[in-house]
There are 2 protein chains.
Amino acid sequence: MDIQGLPGRLLADLGPAIASGEIAEGAVLRIEELEERFDVSRTVVREAVRMLESMQLVASRRRVGITVRPRSDWDVFNPTLIAWRLAGADRPAQLRSLGSLRVAVEPAAAGLAAVHADDDQRRRLGALATEMTMTGRAGDLDAFLRHDADFHATVLQASGNEMFAHLGATVEAVLRGRTEHHLMPHHPEEYAVQLHREVAEAITTGDATAAERAMRAIVTGALEELDAVLD
Amino acid sequence: MDIQGLPGRLLADLGPAIASGEIAEGAVLRIEELEERFDVSRTVVREAVRMLESMQLVASRRRVGITVRPRSDWDVFNPTLIAWRLAGADRPAQLRSLGSLRVAVEPAAAGLAAVHADDDQRRRLGALATEMTMTGRAGDLDAFLRHDADFHATVLQASGNEMFAHLGATVEAVLRGRTEHHLMPHHPEEYAVQLHREVAEAITTGDATAAERAMRAIVTGALEELDAVLD
DNA sequence: AGTCATTAAAAGTATGACCATTTGCTTCGG
DNA sequence: CCGAAGCAAATGGTCATACTTTTAATGACT
């Protein structure tokens, strides 16, 4: 997602360290120190710091240094930050947050999609639900994941709301994390897959209420499973 | 929200211009050109560009320049970008997007708040609802706005979900925009205010379902009013 | 016409100097 | 002894310039 020159290297090192709490709130970095530590020029350090600053991870003050801001200030919707946290120590907390967000957003998106989806999207959802059924039965978790993520992204897209649409990538990250960390049963539950078929059906027929209800069942189910696993 | 040195000046100029479409998708900027145009050094230009880049507004490529990315790539959850769009040409679209987001998120947040709010937050909500009633009757729109925004921020905070909590500032921006642009009746509707009292009551007594329902009525009402006005 | 080498344009990086601001300390006066 | 004024050092902020690397475009040679 983020591969850009030398500042990128600093980011890829500092960002996760801050996100994971390894570099604690209130810790102070100095430009000169970073220059030496990474053996790069001031220019590069400053650009990396600027990016951290624009995520509200740090604040830079003269005569003081670059201080790590309290977590409550962080721009928790920043996709890069989300990725770092998903990869790091507070995966569980991040997954729970995203789980709640999904419960709020995806049913609404499904309802809107039933009204706004174009023909292509409706076809696509049907096809994806079918694929999920088949790859699920076959136990092909990789393919299943791809289709699952694609399904949810398509629904979010079809909602016609740009902000919902942008959560597609985030949802994919959540789903991927789930399979990669073996939080999935070997064969996805037939019931969950059936709910996806219901969502596709409802969106195709333009039944907003049914789409919303079925999607709510999916995401609340996912959240419950998640809560069950994270103990 | 964002006032930082010279790069900040560039940002405050370029960002809104891009966000409003004044600088169109695919347009190409060059560092040297920006240096001259704003009479600043390369360092400053590069840092400003870095920030635009981290919002996915532009992409920088060697031998080509800094190109404005398609809107679909933009990080639409970035608070700075939201502010720019709210202030600029596509206010309406942005307000609609945020309205839908509120409809999705705030009822869920209210439901969670009924479970997770601490004593202080419950007291605060009750007090704010009372204030809204009084300032609403008095027609003091400024004070009403403050309490309204505070109310919603508190509910989002009390949900216990950091991502929801962070939408507080955004919701405030939406509400402020509404009053500032005279999309509010002179005296806020008594019914809307009553719904706020209901939310406070439900959260205080721990009734998640009632809190969710009342909040849903508030935000769907707001969205309908918005849609009615934006024609 | 197609392929490969050449060239030039633009971003990326480095360096060193200087500026501006903030904080802490010191000194002076009461 | 205390407080205020002012001084000094530390640190980020800005600048100018030169060098490096990537890559699109051009043109030559098959």
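1. Let's start inside helix 5 of chain A. Arg102(A) and Glu106(A) sit four residues apart there, so about one helical turn separates them. Their side chains meet in a salt bridge, with N and O 2.5 Å apart. (A salt bridge is a side-chain nitrogen of Lys or Arg within 4 Å of a carboxyl oxygen of Asp or Glu. Helices are DSSP runs of H or I with at least four residues, strands are runs of E with at least two, and both are numbered from the N terminus.) Arg102(A) and Glu106(A) are both buried; buried means under 20% relative accessible area, exposed over 50%, and partly exposed in between, using a 1.4 Å probe and protein chains only.

2. A word on what you are looking at: this is a predicted model, in which local features need pLDDT of at least 70, side-chain atom pairs count only at pLDDT 80 or more, and totals for chains, interfaces and linings use all residues. Residues are numbered from 1 along each chain as its sequence is written, chains are lettered from A and ligands numbered from 1 in the order in which they are written, and side-chain values use heavy atoms, leaving out hydrogens and water.

3. Arg96(A) and Asp227(A) form a salt bridge, their closest N and O atoms being 2.9 Å apart. Arg96(A) belongs to helix 5 (residues 91-116) of chain A and Asp227(A) to helix 10 (residues 208-229) of chain A, 131 residues apart. Arg96(A) counts as partly exposed because its relative accessibility is 35%, and Asp227(A) does too, at 31%.

4. Next, Glu190(A) and Arg137(A) meet in a salt bridge at 4.0 Å, N to O. Glu190(A) is in helix 9 (residues 190-205) and Arg137(A) in helix 6 (residues 119-138) of chain A, so the pair ties together parts 53 residues apart in sequence. Arg137(A) is exposed, with 57% relative accessibility.

5. How many salt bridges does the structure hold over all chains? There are 34. One network of them links Arg46(A), Arg50(A), Glu53(A) and Glu47(B).

6. Finally, have a look at DNA strand D. A polar side-chain atom of Arg62(A) lies 2.7 Å from a sugar or linking oxygen of DNA strand D, while a polar backbone atom of Leu6(B) is 2.8 Å from a phosphate oxygen of DNA strand D.

Notes
Polar contact = N/O pair within 3.5 Å; in protein donor to acceptor, adjacent residues only side chain to side chain.
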